Amino acid sequence: MGGYLSTNRTPSSTNNTKYRNSPPKNDAPLETGQFTFPPEWHPHLATMMGFPSRASCLESLWEKNCEEIVDLAAAIAEFEPVRLYTRPEDIEYAQDLVNRKVRIPSKVNVIPIPINHCWVRDTAPVYVHDATGKLGPGQRLAIDFKFNEWGNKNGWEGTHGHYRYGNPSMTGKELQENTEFAHNVIAADQLPSPVQRIVPKIRTEGGGLVVDGEGTLIVAESYMVCEQRNPGQSRDEIEQELRRLLGVEKVIWVPGRKNLDITDCHLDAEVRFVRPGVIVMTRHSPDAVDGPEWIKCGEEILETLRNETDAKGRKLEIHFIDEPDPKSLGILPKDEFVSSYLNSYFCNGGLIIPAFGSETHDRKSLETWQTLLPDCKVRQVPLRTIPLSGGVIHCVTQQVPAPEA
């Protein structure tokens with residue numbers, strides 16, 4: 001693989017000036033209060049993304065990972081601004097890719113912050129709103145879940161020894177950077193107003209939180225009731241804190257699977273709300289890595305959801321999208337290629353979905369999403385290296401919701 005060669009392009013000083021110095025510290029975190037987590041289709045100020053560090057994936061995949069991240073940023077920038085958090089030493093390369101790939105480069109702000117993983121859905125803060133009215137109009141808030149490598153899985157290769165291209169072992173310094181990333185993002189986010197940091201009583205990741213915006217949360221026991229994340233806490237105690245943090249009235253628990261993947265079965269690749277009362281589920285290929293076990297897991301989720309109602313008492317309307325056979329994509333049997341079309345991202349007026357290279361499945365996915373969202377512009381972005389590294393579009397994005405008036 002050829003290394004990056006610098007060009008005559010220089011990073012935009014307009015984009016980066018206010019981040020050149022250390023971000024201001026927020027020294028008054030909130031440990032009490034009641035909050036609400038807006039659904040992903042709530043209006044956004046921006047989208048957070050992360051430019052992967054060299055430590056976060058195989059060297060042979062790094063440049064292609066970076067290119068696909070910027071391809072996604074370019075698609076999202078057609079709908080809303082993107083904040084691309086980037087290690088200071090990678091700023092020039094990231095800005096060069098943005099200048100070449102983004103139609104209006106100023107819509108992607110390259111921000112220097114120590115970062116490794118591109119998986120900002122799990123490492124970045126989760127922005128919420130005040131539910132009490134006591135903090136004043138327009139107050140901006142974000143939860144810092146203190147990411148700990150999905151329950152201390154540094155260098156995890158899976159229970160069956162499947163090699164994880166996107167999870168090489170990191171140093172103590174790099175792990176600390178990962179844990180501090182959300183705090184640093186919150187401290188740096190000063191516009192349109194400073195953000196107050198919320199310190200929760202539990203640990204989770206954003207990819208595990210599936211909400212409808214009307215009081216319903218779907219969550220799996222496999223990653224929440226977990227000694228590596230929430231030692232000594234019962235399901236009831238965890239649920240109580242989820243209700244407080246996210247403003248949900250109904251928590252639908254599904255079993256999930258511990259150690260089936262690095263996340264312990266985050267649900268954002270399994271089930272997503274299209275809108276309140278309507279969900280879409282993935283159907284796994286039996287030929288994927290651990291395909292039969294993923295199919296069994298999906299059947300358990302489906303059985304639970306068919307027997308549940310949401311917070312408003314509605315039976316859930318359920319739709320399905322099939323995943324492609326990895327062999328048809330030229331994926332090796334040992335490779336854990338994430339091919340869920342559900343792992344997509346709502347942005348202002350749009351939905352960004354993946355294309356994996358299966359003409360039939362890619363087309364059917366696009367048709368299904370567009371039918372379910374007739375007033376939404378659905379955009380498909382070809383991806384190969386990010387799915388090979390362990391995630392898709394939802395995993396590498398996190399919304400910054402607009403504050404309430």
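The legends below describe close-up views of a predicted model. Residues are numbered from 1 along each chain as its sequence is written. Local features need pLDDT of at least 70 and side-chain atom pairs count only at pLDDT 80 or more, whereas totals for chains, interfaces and linings use all residues; side-chain values use heavy atoms, with hydrogens and water left out.

**View 1. Packing of helices α2 and α3.**
Helix α2 (residues 59–77) and helix α3 (residues 91–101) pack at an angle of about 50°, and their axes are 10 Å apart. Helices (H or I, at least four residues) and strands (E, at least two) are DSSP runs, numbered from the N terminus. Axes are lines fitted to C-alpha atoms, for helices over the stretch in contact, and angles run from 0 to 180 degrees between N-to-C directions. The angle makes α2 oblique to α3; angles under 35 degrees count as roughly parallel, over 145 as roughly antiparallel, 65 to 115 as roughly perpendicular and the rest as oblique. On the α2 side, Trp 62, Glu 63, Cys 66, Glu 67, Val 70, Asp 71 and Ala 74 meet Tyr 93, Leu 97, Val 98 and Lys 101 of α3, where contact means heavy atoms within 4.5 Å. The residues of this contact comprise seven nonpolar, no polar and four charged. In this division Ala, Val, Leu, Ile, Met, Phe, Trp, Tyr, Cys and Pro count as nonpolar, Asp, Glu, Lys and Arg as charged, and the others, Gly among them, as polar.

Nine aromatic pairs are found in a search of the whole structure. Rings of Phe, Tyr and Trp (its six-membered ring) pair if their centres lie within 6.5 Å; planes under 30 degrees apart count as stacked, over 60 as edge-to-face and the rest as tilted. Phe 51 and Trp 62 form an edge-to-face pair, with 6.4 Å centre to centre and 85° between the planes. Phe 51 belongs to the loop between β2 (44–50) and α2, Trp 62 to helix α2, and the two are 11 residues apart.

**View 3**
Three strands in the order β8-β9-β10 make an open sheet with mixed pairing; two strands pair if DSSP finds at least two bridges between them. Because β8 (210–211) and β10 (250–254) each have a single partner strand, one side of each edge strand is left without a neighbour in the sheet. Strand β9 (residues 216–220) runs antiparallel to β8, to which two bridges join it. Val 210 stands opposite Ile 218 in β9. Helix α8 (residues 235–246) packs on the sheet, touching β9 and β10, and its direction makes about 135° with that of β10. Helix α9 (residues 291–306) also touches β9 and β10, at about 150° to the direction of β10.

An open sheet of three strands has the order β11-β12-β13, and its pairing is mixed. At the edges stand β11 (271–275) and β13 (317–322), each pairing on one side only. Strand β12 (residues 278–283) and β13 run parallel and are joined by six bridges; one partner of Thr 282 across such a bridge is Ile 321 in β13. Helix α10 (residues 359–372) lies across β11, β12 and β13, running at about 160° to β13.

**View 2. Backbone geometry in two loops.**
The peptide bond from Leu 191 to Pro 192 is cis, with omega near 5°. Pro 192 is found in the loop between α6 (172–188) and β7 (195–198).
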